[in-house]
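Visitor: I have a structure to look at and some questions to ask. Can we go through them one at a time?

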Amino acid sequence: MKSRRITILFLFLILTMPIMVSAETAQGELSSDQFEDPLSRCQVCHAEIYKQWEGSMHSQAELDPYYLAQSLMASEETNGLTDTYCARCHTPIGVVSGEVPPVDGSNLSEIAKKGVQCDFCHTVTESDGTSNAQFTLTPDGTKRGPFDDSRSPAHNTEYSELHTKAEFCGMCHDVNHPVNGLPLEATYTEWKNGPYAAQGIQCQDCHMTPGITGYQANPGKASGIGGNREHIWTHFGVGGNVFMTEYLGSRTHADMAVERLQRAAQVNVIPRGSVESGESFSFDVRITNIGAGHYLPTGLTESRQMWLDVTVTDGAGTEIYRSGALDEHGNIDPGAVVYHTVLADADGNPTEKVWEAESILSDHRIPPKGEDTESHAFTMPEDVSLPISITAVLKYRSAPQEHINHLLGEEFEVPVVEMTLDSETIGDEDKRIPGFQITFPVMLGLLLLLFIMRGNKR
Ligand code: HEC
Ligand code: HEC
Ligand code: HEC
Ligand code: HEC
Ligand code: HEC
């Protein structure tokens, strides 16, 4: 009798444990036919939003060849331990409907292949917290969104505060190692600890409006058959990924990513001291993160690379100093500073495989509204011809070319984006108006005298 009661209690505990521990939708708990297709079921009435989402990295999150290659490698090297972990963010519908594993996509329904899509985001009813995709999905026909007064003939609607907050994005834009908890991607945390969160500026303000570095109103219609609204959130979901958006065929998204990168930072060349032939010459280059609400770069930072390409030329245009050039294989000059993170495995050796990562070997990036200064020095050639000019170009790419050659093959060329630049010319004083420093005060004095004399006449 007693033992039966204990068995029942034990059974009850086991059955309720997943509910007590978390409310998040479990692997295989739902079926993919409970979700509606973006093209055949949403596009009809939300054509504009559909066009913005199609071609975004959200729409490509599962088909992205870079992701596919890495998740297959992770699966092989961990005997499948990473399968549902990776896929929960890249094909959430694939995981909740039990179509992963396998990770090669061979068991995925057409809808699960559409990655982070309309009916994933708009059926989220709850979040157990940021990081590692702790979402609850309720595909009951009601679409959750930012309006508390919207009416649709096709579905119920419901206001959801979660959708209007960075915490919604933070479910997937903070990625921790599933075993040791190491933060692998920390975009949400970087934002949360930074100045933009303090001002109440959400991810949506920069990534879902025409404003790249802050909120910008976007009046329009949420649906072709709806009324006019003061603001409609856009669905381009653009970050810095020019590489994959271009490869997967969306010029619009690739161009928008370039523009976003070009508005993120400012560069200033600051010469130190004067130019003396045969002597040491030094200058600083300051990089300021003026536009990104998180570190620069952010996200997959063991792969992303930002660096300065610095050139100094003499009066004849001859290069006398260079740092940050690419060699013929597309490798960055080893003398240059690369802004990114380096992960280390259990032995402390650098690794690009996130599943092997046990610690962060280095993290050299620029915080939101923060800056970093690089110092450069070299010896001036003898008899250097003046003026000399210093140009610093800030560059970005989604991944090292060598890494991509290895993973995907050499036909994948990773584009290098010029984010911004600054130039300074020094040693050209002799070209200015002769004696300008003296003539200017004298002229000013004469003018003043003239005024006083005219005033006296009256
Ligand atoms: C028959 C046309 C029609 C179809 C099909 C349709 N919608 Fe809508 N939807 C509307 C209209 C109309 C509104 C209200 C717009 C407004 O209030 O300005 C709306 C509103 C919404 C909202 C806002 C809800 C809120 O309260 O903030 C979301 C989210 C949404 N739809 C998602 C979807 C998704 C996802 C699909 C596809 C699965 C879809 N809709 C299919 C017409 C449609
Ligand atoms: C990554 C998640 C995500 C995806 C994918 C997504 N949406 Fe949204 N959508 C949002 C969020 C978040 C908002 C509200 C933003 C806010 O209030 O700050 C929103 C707003 C809306 C609205 C309200 C009108 C507006 O634009 O402000 C509609 C309608 C809508 N989405 C439909 C769609 C449709 C249709 C698709 C697919 C083509 C789609 N969404 C894909 C997250 C998403
Ligand atoms: C289901 C998890 C999930 C949610 C929720 C989510 N994202 Fe994403 N997001 C992803 C994944 C996965 C990718 C990368 C896909 C790839 O590159 O293969 C991505 C890519 C992006 C990118 C493009 C990055 C680049 O390098 O260009 C931006 C920007 C972005 N998301 C912003 C947002 C914002 C803003 C929200 C909240 C409104 C949000 N995301 C919600 C999973 C998610
Ligand atoms: C003040 C505006 C602003 C805010 C707020 C903001 N971002 Fe960004 N985001 C940018 C800019 C500009 C870039 C391009 C530079 C870069 O790559 O960091 C960017 C890039 C990104 C990228 C691509 C990074 C890469 O290099 O691969 C992702 C992903 C992203 N943002 C997600 C988010 C999420 C999630 C939030 C909220 C937690 C957020 N952003 C808040 C402006 C913003
Ligand atoms: C908690 C959500 C989450 C999990 C889990 C996750 N990712 Fe991602 N992944 C993202 C987001 C968000 C981005 C976009 C970040 C950015 O643009 O910098 C991304 C981007 C990527 C990219 C870059 C794609 C490109 O085109 O540049 C690769 C590759 C990738 N993930 C592989 C993996 C692998 C392999 C795993 C499992 C070991 C994994 N991801 C697990 C959310 C996740």
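**Ligands, iron sites and one threonine**

Guide: This is a predicted model.

Visitor: What is the geometry at the iron atom of ligand 1?
Guide: The protein donors here are His 46 and His 155, each through NE2, at 2.0 to 2.1 Å. The iron atom has 6 donor atoms, with angles of 87 to 179° among them. That makes the site octahedral.

Visitor: How many residues apart are His 46 and His 155?
Guide: Both histidines are donors to the iron atom of ligand 1. His 46 sits in the loop between helix H2 (38-42) and H3, and His 155 in the loop between strand S3 (142-145) and strand S4 (156-159). The pair links distant parts of the chain, with a separation of 109 residues.

Visitor: Which residue brings a polar side-chain atom to 2.5 Å from an oxygen atom of ligand 4?
Guide: Around ligand 4 there are 26 residues, and Cys 203 and Cys 206 are among the nearest. The side chain of Arg 304 has an N or O atom 2.8 Å from an oxygen atom of this ligand. The contact at 2.5 Å comes from Tyr 396.

Visitor: How many charged residues are in the shell around ligand 4?
Guide: Helices H9 (187-192), H11 (203-207) and H13 (251-262) each supply at least two residues of this shell. By class, the shell has 13 nonpolar and 11 polar residues. The charged residues number 2.

Visitor: Where does His 294 lie, given that His 294 coordinates the iron atom of ligand 4?
Guide: His 207 and His 294 both coordinate this iron atom through NE2, at 2.0 Å. His 207 is in helix H11, and the two are 87 residues apart. His 294 lies in the loop between strand S10 (280-289) and strand S11 (305-313).

Visitor: Is His 294 buried or exposed?
Guide: Take His 207 as a reference: at 26% relative accessibility, that residue counts as partly exposed. Buried means under 20%. His 294 has a relative accessible area of 16%, so His 294 is buried.

Visitor: How far apart in space are Thr 84 and Gln 27, C-alpha to C-alpha?
Guide: Thr 84 lies in helix H5, residues 83-90, and is partly exposed at 23%. Thr 84 touches Gln 27, along with Val 95, Val 100 and Pro 101. In sequence, Thr 84 and Gln 27 are 57 residues apart. In space, their C-alpha atoms are separated by 7.8 Å.

Methods: Residues are numbered from 1 along each chain as its sequence is written. Chains are lettered from A and ligands numbered from 1 in the order in which they are written. This is a predicted model: local features need pLDDT of at least 70, side-chain atom pairs count only at pLDDT 80 or more; totals for chains, interfaces and linings use all residues. Side-chain values use heavy atoms; hydrogens and water are left out. Donors are N, O and S atoms within 2.8 Å of the metal (3.2 Å for Na, K and Ca); water is not among the atoms, so sites may look incomplete. Four donors count as tetrahedral if all angles lie between 85 and 135 degrees; four count as square planar and six as octahedral if opposite donors are over 155 degrees apart and all others between 65 and 115; anything else is irregular. Helices (H or I, at least four residues) and strands (E, at least two) are DSSP runs, numbered from the N terminus. Buried means under 20% relative accessible area, exposed over 50%, partly exposed in between (1.4 Å probe, protein chains only). Contact means heavy atoms within 4.5 Å. A residue is near a molecule or strand if one of its heavy atoms lies within 4 Å of it. A polar contact is a pair of N or O atoms within 3.5 Å; within protein, one must be able to donate a hydrogen and the other to accept it, and residues adjacent in sequence count only if both atoms are side-chain atoms. Ala, Val, Leu, Ile, Met, Phe, Trp, Tyr, Cys and Pro count as nonpolar, Asp, Glu, Lys and Arg as charged, and the others, Gly among them, as polar. Lists of a residue's contacts leave out its neighbours within four places in sequence.
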